[in-house]
There are 4 protein chains.
Amino acid sequence: MYEQLKERVCRANLELVGHKLVIFTWGNVSGIDRQAKVVAIKPSGVDYNELTADKIVILGLEGNIIDGDFRPSSDTPTHLELYRSFTEIGAICHTHSQYAAMWAQAEREIPCFGTTHADYFYGPIPVTEVMTKDEIQNNYELNTGKVIARRFKGIDPLQMPAVLVANHGSFTWGKDSTQAVSSAIVLEQVAKMAYGTVRLNPQQNAISQSLLDKHYLRKHGKNAYYGQT
Amino acid sequence: MYEQLKERVCRANLELVGHKLVIFTWGNVSGIDRQAKVVAIKPSGVDYNELTADKIVILGLEGNIIDGDFRPSSDTPTHLELYRSFTEIGAICHTHSQYAAMWAQAEREIPCFGTTHADYFYGPIPVTEVMTKDEIQNNYELNTGKVIARRFKGIDPLQMPAVLVANHGSFTWGKDSTQAVSSAIVLEQVAKMAYGTVRLNPQQNAISQSLLDKHYLRKHGKNAYYGQT
Amino acid sequence: MYEQLKERVCRANLELVGHKLVIFTWGNVSGIDRQAKVVAIKPSGVDYNELTADKIVILGLEGNIIDGDFRPSSDTPTHLELYRSFTEIGAICHTHSQYAAMWAQAEREIPCFGTTHADYFYGPIPVTEVMTKDEIQNNYELNTGKVIARRFKGIDPLQMPAVLVANHGSFTWGKDSTQAVSSAIVLEQVAKMAYGTVRLNPQQNAISQSLLDKHYLRKHGKNAYYGQT
Amino acid sequence: MYEQLKERVCRANLELVGHKLVIFTWGNVSGIDRQAKVVAIKPSGVDYNELTADKIVILGLEGNIIDGDFRPSSDTPTHLELYRSFTEIGAICHTHSQYAAMWAQAEREIPCFGTTHADYFYGPIPVTEVMTKDEIQNNYELNTGKVIARRFKGIDPLQMPAVLVANHGSFTWGKDSTQAVSSAIVLEQVAKMAYGTVRLNPQQNAISQSLLDKHYLRKHGKNAYYGQT
């Protein structure tokens with residue numbers, strides 16, 4: 001009964017591998033059906049080569065297993081917290097992609113240095129606070145979601161569909177799994193370009209608000225004029 | 001009636017993907033038929049996997065659509081301005097390729113550090129000025145063309161078939177689409193080599209005028225002696 | 001009679017090539033059968049394209065050839081010393097993979113900068129001391145094993161399945177060849193991420209003990225809750 | 001009559017492409033038959049996709065064309081000068097491979113930072129002097145050979161089968177075309193590893209003479225014990 005959702009979530013997980021954003025089992029994608037109040041997520045530690053739609057786990061919003069023979073991703077509580085906090089998102093992606101992870105490990109947000117970034121992310125990519133000992137030792141995965149949500153006070157998650165979790169990697173999201181995966185792909189590109197930019201010009205500032213507005217808004221929002229629609 | 005032009009422009013767009021200079025819809029190639037006074041350009045936001053010659057848009061030099069069912073690339077006014085300003089070029093390429101974008105985002109021109117560069121570009125790759133708020137807010141894409149043309153005062157665009165647009169990416173061009181694509185490929189290689197060069201030797205200067213002349217002129221101009229013709 | 005062991009060791013050697021951790025003959029994998037008291041190892045200088053299970057050499061623990069028509073890897077004495085010193089490991093991998101080699105050549109241990117690292121290695125990746133003239137000139141390969149073993153005083157090799165040999169490359173290991181190869185793959189990823197991390201934040205410290213414990217122990221040890229078992 | 005030589009030289013040229021050391025027409029390999037006193041070399045500016053053995057040009061040692069319908073590589077005088085100066089080499093490779101070119105452009109020799117380097121090159125990879133205006137303007141390609149030969153005073157070219165030409169790229173060589181190509185492949189790897197090494201440890205010194213001797217001499221010379229012979 002959740003076949004289409006499982007299918008979409010499975011395909012999105014495999015796209016991460018195709019785009020070289022994950023190896024082994026280092027990533028996961030989930031999707032939510034807000035009407036049915038269920039989340040579909042990758043099973044924990046299952047090799048991508050053996051991942052098929054029927055192995056995707058279906059959960060209720062509190063994490064209760066509704067359908068599936070496997071244990072869900074150990075990061076499930078993070079995903080559920082994000083779905084509760086960001087009520088308009090439809091899918092979430094977690095990766096340890098190389099350049100995004102470098103910035104996350106360096107505990108630096110990624111400034112908006114150019115139009116590639118501005119076309120997708122409306123400002124600097126935020127980095128969370130380092131988690132406290134208590135947040136780590138008790139309900140770590142849930143707290144990972146909370147520390148992200150806390151960082152997004154005053155930020156619209158649909159205009160900033162990515163975050164760097166300090167010392168860890170990235171979470172990205174979107175209205176659906178296609179957007180969530182795209183955000184992960186673009187984040188990695190932007191992270192690499194920004195890496196080179198600060199090497200070539202350590203004092204470089206973010207682009208102007210006008211240029212950020214121009215590029216973000218020509219692709220997003222009611223006055224968008226990019227593409228065919 | 002514009003079949004050959006469409007075919008060439010379509011193929012050039014796909015070559016950018018093949019050479020990993022663009023992902024998603026981050027680039028475009030156009031070509032001009034100066035006798036027929038028409039420009040062929042990629043449709044806006046169309047996925048490269050679905051790009052076929054019949055989707056290429058044919059425009060007049062002022063941007064009026066002559067043939068095609070799709071909206072042209074949102075960067076069309078930039079292309080048209082370049083065709084008006086650089087009257088000898090026959091094709092234009094726009095990409096956000098990684099290393100070229102790093103230099104563009106760092107607002108640094110790429111010095112000519114070696115013969116790879118000198119074989120194709122007769123001097124440092126110029127970077128435009130940062131655009132003003134007014135240039136961004138009104139006719140942004142047209143002004144992108146103007147800011148490039150302004151930067152080329154005193155520079156022969158056929159001897160310098162590339163520019164870095166500050167905070168953005170690159171435009172390259174040539175007598176035809178093969179040259180425009182080649183310029184994009186070489187620019188990315190040269191940008192990567194120069195990146196490593198300034199890391200290894202931050203004080204390094206550009207090569208001598210004699211070496212620049214030797215390499216550029218053995219491949220270009222009336223005394224060229226490279227190749228079979 | 002050692003067919004299965006040879007087969008496993010051969011396959012593991014070829015996986016290094018598939019994961020682009022070795023080119024030419026720059027690497028080798030061995031496996032031990034502790035009951036039978038034999039070690040299987042790649043033959044010296046044999047091209048990976050021509051490597052088949054029947055070319056794998058079977059040795060006694062003192063290096064005496066038991067089966068095989070080829071000379072064993074010149075690094076054999078290093079492998080044997082590690083099997084003697086680390087009595088719980090079942091396979092060993094040696095590579096000159098790029099980023100691991102950079103750290104080894106720089107004589108720097110790789111700090112644990114993030115959870116990717118913490119998921120596999122319980123602390124910083126150690127680097128050996130530089131070998132003395134005497135250690136190099138007499139029984140070099142045996143001494144390479146000894147210098148590694150010396151560095152591991154007080155470190156559990158199963159919790160730290162990798163080492164950087166100063167001025168050289170890496171050795172990794174595990175309970176079996178699958179783990180040894182995985183350790184090599186992850187080490188290269190971790191080495192690359194850490195490289196970028198110190199470029200972006202030269203003062204960055206290792207992650208907290210709590211985060212290291214959380215990630216390492218959720219995948220390893222008796223309270224692990226990652227995966228399906 | 002020179003079929004085998006042409007075949008070997010053609011194949012070696014194509015291997016450079018396969019190993020991603022050249023794009024377009026940025027490289028060339030030649031081979032010499034010292035008994036027949038002829039050199040076989042790639043034709044100038046011919047695309048690698050269209051390169052076949054019958055297009056390889058056969059020259060006398062002074063550059064006179066003996067066989068072939070194409071003009072030889074514009075770098076031919078450099079190759080011929082190297083064959084005259086280094087009387088034991090049998091093949092030469094020229095590339096602009098990325099990391100080797102970075103060091104050449106930075107005018108820095110590549111120190112021997114590790115055993116990967118020491119296995120193939122007996123010391124630092126030399127970089128030539130910058131060429132004078134006169135050397136560039138008159139007989140540039142011949143002088144490129146001379147400036148290399150001058151740099152090799154006191155160096156055995158078979159123990160150091162590579163050079164960086166300042167502001168340009170690399171030449172490598174060997175007893176035959178297989179060795180010349182291998183030297184080019186290894187040089188690129190070594191150049192990349194050394195690049196990372198100086199980033200991680202700017203003060204790092206070359207390895208000790210003992211380690212250099214141990215690794216170089218276990219693979220080369222009369223006491224070699226690496227491999228099967």
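1. **Ground rules.** The model is predicted: local features need pLDDT of at least 70, side-chain atom pairs count only at pLDDT 80 or more, and totals for chains, interfaces and linings use all residues. Residues are numbered from 1 along each chain as its sequence is written, chains are lettered from A in the order in which they are written, and side-chain values use heavy atoms, without hydrogens or water.

2. **Chain A against chain C: extent.** Here 32 residues of chain A are in contact with 32 residues of chain C. Contact means heavy atoms within 4.5 Å. The two chains bury about 3,000 Å² between them. Carbon and sulfur atoms account for 52% of that area. Buried area is the accessible area (1.4 Å probe) that two parts lose on being put together, summed over both.

3. A salt bridge is a side-chain nitrogen of Lys or Arg within 4 Å of a carboxyl oxygen of Asp or Glu. A:Asp75 pairs with C:Arg218 in a salt bridge, with the closest N and O atoms 3.4 Å apart.

4. Elements giving two or more residues to the side that touches chain C are α3 (98-105), α5 (133-137), α6 (140-151) and α7 (177-200) of chain A. Helices (H or I, at least four residues) and strands (E, at least two) are DSSP runs, numbered from the N terminus. α3(A) gives the most, with six residues. By class, this side of chain A has 15 nonpolar, ten polar and seven charged residues. Ala, Val, Leu, Ile, Met, Phe, Trp, Tyr, Cys and Pro count as nonpolar, Asp, Glu, Lys and Arg as charged, and the others, Gly among them, as polar.

5. **Chain B against chain A.** Contact takes 32 residues from chain B and 32 from chain A. About 3,000 Å² is buried, 52% of it from carbon and sulfur atoms. Two salt bridges are counted. B:Asp75 forms a salt bridge with A:Arg218, the closest N and O atoms being 3.5 Å apart. On chain B's side, α3(B) gives the largest share, six residues.

6. Chain B and chain C do not touch; their nearest C-alpha atoms are 12 Å apart. No contact joins chain A and chain D, and their closest C-alpha atoms also lie 12 Å apart.

7. **Helix α7 of chain D.** Its 24 residues (177-200) should span 34 Å at 1.5 Å a residue, and the end C-alpha atoms are 35 Å apart, which agrees. The expected span is 1.5 Å times one less than the number of residues. Of the 24 residues of α7(D), 20 are buried, so the helix is largely enclosed by the rest of the structure. Buried means under 20% relative accessible area (1.4 Å probe, protein chains only). D:Asp176 caps the N-terminal end: a side-chain oxygen lies 3.2 Å from the backbone nitrogen of D:Thr178.

8. **Helix α6 of chain D.** Its buried residues include D:Tyr140, D:Glu141 and D:Ile148. Their cover includes α4 (115-118) and α8 (209-219) of chain B.

Terms used
Buried means under 20% relative accessible area, exposed over 50%, partly exposed in between (1.4 Å probe, protein chains only). A polar contact is a pair of N or O atoms within 3.5 Å; within protein, one must be able to donate a hydrogen and the other to accept it, and residues adjacent in sequence count only if both atoms are side-chain atoms.
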